[in-house]
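I opened my notebook to record what I could look up in this structure, one entry at a time.

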Amino acid sequence: MEDASFWHRLQFAFTITYHYLFPQLTMGLAWFLVYWKWRGLRTGDEEYNRAARFWAKIFGLNFAVGVVTGIPMEFQFGTNWAGFSKYGGGVIGQTLAMEGMFAFFLESAFIGALIWGEKRLGPRYHFLAALAVALGSWLSGYFILVTNAFMQHPVGYRVQADGALGIDSLSTYLLNPWAWVQFAHNQMAALVTGSFVVAALGAFYCLRGLHPAQARLYLRAGTVAALMASILVAFPTGDQQAKMVGRHQPVTLAAMEGRFVGGSMASVALIGQPNVAKRRLDNPIEIPGALSFLAYGHFGSNVEGLDAFPRDSWPDNIELLYYSFHLMITLGTIFIVLMAYAGFQNLRGRLESTRWLLWVLMLAFPFPYIANTLGWMTAELGRQPWLIYGLFHTSDGHSKVVSSGDTVFTLIGFVGLYLVLGVLFLFLVGREISHGPGDVLSAEPEEEPDL
Amino acid sequence: MIAAWYGIAAFMLIVYVVLDGRNFGAGMLHWLVARTPQERRQVIAAIGPLWSWHEVWLVAFGGTVFAVFPKLLASAFAGYYLALFLILWCLILRGISLEVGGHINDRMWQGFWDFVFVLANSLLAILFGAAAGNMARGVPLASGGTFSMAFFTDFAPRGYVGLLDWYTLSVAIFAAVALAAHGATYLMLKTRGIVHDRSAVYARGLWAAAALLMLVISVESAAVRPDVLGHAIHNVCWWLGLLLVCVAAIALVAGLATRREMLAFIGSNLLLASLLATSAAAIFPVVLHSTLAPENSLTAYDVAASPQSLAYAAIWWPIGFALAATYFVFVSRRYAGKVSVQRDNQGFY
């Protein structure tokens, strides 16, 4: 039933892609909150607390949508991917449970304190709550990436008598080198999203002439963090990630680059469209030797093409994989250039007065979301046709008892519900932005009014 | 080892039901105990800061089951496909109604989200109750360890059953009443003024109704699953559970009668917990009973992960749980006492 597998994949792809729009901002923004709470605590400057309080509201909305869209993800392992759960649950269940026990408990115990509890907690505990939430969100990311890394590059497992997988070494599984590289790359990408969003709002307030002190704070913190994160996401983390793919999934690297024929002096295509039927890249503009150098460190290195691998081991959607990967790289490069220029203007003291740059910064914030999504599409499409690389095919993973009609039904349900959620989220965030950062915190009312 | 993991999984589910059950209950009673916008903000403030902390126990439970009983998750979740998505969508709506309702201080806006809040919580209580009924009654499990079933068939709890039949429906009704009583007890503890007084009245009435329904359910359960009782009387945990039920019931009745709200609330938590623990002990070791043929039933031993996976989980789980217990103390201390609408809001108005 190829048909059923397709719908299960589409539902998971849709729900996870939508879900991940929220955690990537949470994970990026969390450190801004920690930083501002820390600065506020140290300097006593109320501007920092104002910034933290304002962003905590946006963080809270974002976090809430992240939580409610995240719960279906865990359920879907059982509902939609029973074959995979039976086969691999003994391994990946470990990290999914650890995520709940170590990360979600931490986050959810303190998120209420962070969002609802400034008056109850006082500044010191409120800072600690921000720190706990930031740590929890990154820890959660690590456990998920260990799970994904196992699917990309399985380690630490053993095939049991009944054919299913069990853990052989938990430390090997948790310290999967793929997971470290992917975690570093992914978290930097989340910081790019968070810092672009902070900078964009600073730019908006600046252009509007609203809340000037706050706008300056957002712009400076946002652009500085964005420059650092944009560089780190490309080098060393992105570079290491590509090398990891080259080492463990050479067929994936060939497909990502649209490289149908192998050889030395492998080039990187700047422009070109893969033509899978004719097995070539149409109208390419290429940098010769660049791929050899990037993947193996020498221009002369041989990089295998798709022709070196049997047809049924190729990723099943080479075009989408190729475009995802190339567009991600292109966007990442533009991010570095843009933020380097913003940093330059900042040093000259002209960041707030260069209006065209403010416009660009304001309108740039959706692109890190796109780049993050494309990165995940590269990772997941590149892994195909495997669900666990080299061990378990995607086509064996879905729940055989669930008909494709049921899956289409729930998929449509999610699309509708998430559309409403998205509109609601944008409306409420827009409202917070138009209200802007509030004034100093009002004193706590001592008595309840008569009810 | 496997029996211990069964106990741990049951324990985590019980914590979830006890914690989130107060939200379901308060949600169901929201319109009845709180009538003006100001009164309703009190109910929301009693739940708002804590709902995600409560809901995460469901996620941690699910994750733990996935780690130690992966084949149970695979079999049961795929079989309950549509019902589970209904629960998921209700959970999404419940969380969202709490988070966004307080953002705009407007009667229509808050009225709408109050409606979503009441609806989602009521459906959740009923759906989780029906799920509990399904666990007790069993599902049409085929020999391969898989099943799929309709929402309802002929409403008889035998053979090719559906999600709903007269037995699971009555369990669902009991669950709704008991959780509403639990929620009323919680609101009585956390609120002041007229909301408190109304909650106290509802708590007494609903617990009386729940006690009656409990008797009915017990008789029904003995009729639907006559094999369970003969099995359970040899299980010491089942007897301990029954003892706890009695202790909890006494504490609850004493608390309600003498208006000691904390005692009543402890009794309420303990009563729900011990009822669930008794049921979990009664059905052990079967985790998924087959209504078609007893030999198709899945036991905890059939669905467990490898011994090594369980051994690893036995290392990190206690650490994770100790940390969670620490947060629990923090959360309970921070939100002890009556709620304050001024203080326990998100600061949006």
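How many residues of chain A are in contact with residues of chain B? I found that 58 residues of chain A are in contact with 65 residues of chain B, where contact is taken as C-beta atoms, placed from the backbone, lying within 7 Å. The largest share of the side of chain A that touches chain B, 24 residues, comes from H3(A). By class, I noted 32 nonpolar, 17 polar and nine charged residues on that side; Ala, Val, Leu, Ile, Met, Phe, Trp, Tyr, Cys and Pro count as nonpolar, Asp, Glu, Lys and Arg as charged, and the others, Gly among them, as polar.

Before going on, I wrote down that this is a predicted model, in which local features need pLDDT of at least 70 and side-chain atom pairs count only at pLDDT 80 or more, while totals for chains, interfaces and linings use all residues. Residues are numbered from 1 along each chain as its sequence is written, and chains are lettered from A and ligands numbered from 1 in the order in which they are written.

Next I looked at chain A itself, which has 14 helices and six strands, these being DSSP runs numbered from the N terminus (helices H or I, at least four residues; strands E, at least two). Of its 451 residues, 54% count as buried, that is, with 20 or more other C-beta atoms within 10 Å of their own. The C-alpha atoms of chain A fill a box of roughly 70 × 55 × 40 Å, taken along the principal axes.

Notes:
Two residues are in contact if their C-beta atoms, placed from the backbone, lie within 7 Å. A residue is buried if 20 or more other C-beta atoms lie within 10 Å of its own, exposed if 12 or fewer, and partly exposed in between; C-beta atoms are placed from the backbone.
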